[in-house]
Amino acid sequence: MSDRPLAITATGMVTGVGLDTYSSCAAIRAAIDNFQETRFMDEQGEWIQGCAVPLEEQLQGARKLAMMLCKALEECAAQAQVHLEEIPVIICLSEPERPGIPENLGNKVFFLVQEFLGMPLHRDSAVIKQGRAGGIYALKLARDILYQNKLNHVLVCGVDSLLNAHSIRYFETQDRLLTSHHSDGFIPGEAAAAILLSPPQCSQQNQLLCMGLGFAVEQATISAGLPVRADGLTQALNMAFEEAGSSMNDMDFRIVDVAGEQYWFKEAALALSRLLRVHKQGFPIWHPADCIGEVGAAIVPVCLAYLKVAFEKGFAAGSNIVHHASNDDGQRSVAILRFGAWSEQ
């Protein structure tokens, strides 16, 4: 069992189906989406569907990303009654090489967040630009900061948007978008989410705990044209299970970053078949992107915030959870979570 667990103690979320955690989670639980026609057309002249965040402010680009992120951060801090300037903030953003990503996006978002909040961020704050899988890499960095510096809190957050012309055109030419002429694709979206991490409290019975992390690289990427065997995801899962002192047999359900493409569902199913050694009546797989679209680097904090609410509201499918996220370039990351009490023994 990990000797450095993380407790998720507060959340913030801004999505296309809600401007705070509880409204977003209620919509996701009810399978309500906000998919609407965007201002972009596909190659057949039909409007492309998307899921935009309806902010009152008419912002675009880095300014909209920073504003969404600030709203999630402020909600998270208010929920936990902490001061943002006193807590290291790890910001997860898209991969720099993804088409449609402005130059120096990390610096722009980082300084705009400080401008909009009206305060400097903590000196140990950082930016991780690793796309969907980056949120779990951020958990590892947060864990190192939390335990090495003996802090009480670290904040992990993510923000991303695929609703721009360059990204949409690229993914359409790669047959990755859901359009009028292509059914095996995703709906582009945007979101921001934040989670507050702390060392677990032995006196608290009900905590959402991150018990293990795992990472690997898949060679048979979505664009490689190789047979899908889920080698990378299986390796990452084994690493996370070893750290957590558990196995796939102990898990009750999964929550993943899958946004609609068959490749990712097939990879998840293959990894499960390679690691599950007992018969289960059911093994649910949750994928919030069904309601909010493909939200890139925001998906891991979205999933973890949704998990916390699921336990608070009593609709979780069990106490032991596998969460995994994958990048187009082959990066695979896994977090093993458990809801319950923590004992140092």
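Predicted model: local features only at pLDDT ≥ 70, side-chain atom pairs only at ≥ 80, totals over all residues.

Biologist: Okay, which strand should I look at, and what makes it stand out in the lining of the largest pocket?

Modeller: Look at β2, which gives five residues, the largest share of that lining. β2 covers 36–41, and the other elements giving two or more residues are α2 (61–80) and β6 (154–161).

Biologist: What makes a residue part of the lining, and how many line the largest pocket?

Modeller: A lining residue has an atom within 4 Å of a point of the pocket. For the largest pocket, 31 residues pass that test, and R39, L59, K64, L163 and E190 lie nearest its centre. The space inside comes to about 710 Å³.

Biologist: How do the lining residues of the largest pocket split by class?

Modeller: There are 13 nonpolar, eleven polar and seven charged residues.

Biologist: And what about the second largest pocket: what is its volume?

Modeller: About 340 Å³. It has 19 lining residues, with Y170, F171, R176, D328 and D329 closest to the centre. By class, its lining holds six nonpolar, four polar and nine charged residues.

Biologist: Let's move to the helices. Why are α1 and α9 called roughly perpendicular?

Modeller: Angles of 65 to 115 degrees count as roughly perpendicular. The axes of α1 (residues 21–29) and α9 (residues 299–313) cross at roughly 80° and come within 10 Å. The pair is therefore roughly perpendicular.

Biologist: Which residues make that contact?

Modeller: On α1 they are T21, Y22, C25, I28 and R29, and on α9 they are A305, Y306, V309, E312 and K313. Six of these are nonpolar, one is polar and three are charged.

Biologist: How do you know whether α6 and α7 are oblique or perpendicular?

Modeller: We use the angle again: helix α6 (residues 231–244) and helix α7 (residues 262–275) pack at about 50°, with axes 9 Å apart. The perpendicular range is 65 to 115 degrees and the parallel one is under 35, so α6 is oblique to α7. α6 passes α7 in a right-handed crossing.

Biologist: What counts as contact there, and which residues meet?

Modeller: Contact means heavy atoms within 4.5 Å. D231, L233, T234, L237, N238 and F241 of α6 meet E267, A268, A271, R274 and L275 of α7. They divide into six nonpolar, two polar and three charged residues.

Key
Residues numbered from 1 in each chain as written. Heavy atoms only, no water. 1 Å grid on protein atoms, 1.4 Å probe; cavity = no way out; pocket = protein on both sides within 12 Å on 5 of 7 lines; lining within 4 Å. Points joined across faces, edges and corners; volume = space filled by probe spheres on them. Helix = DSSP H or I, 4+ residues; strand = E, 2+ residues; numbered from the N terminus. Nonpolar A, V, L, I, M, F, W, Y, C, P; charged D, E, K, R; others polar. Axes fitted to C-alpha atoms, helices over the stretch in contact; angles between N-to-C directions. Parallel < 35°, antiparallel > 145°, perpendicular 65-115°, else oblique. Left-handed = near helix turned anticlockwise from the far one by under 90°.
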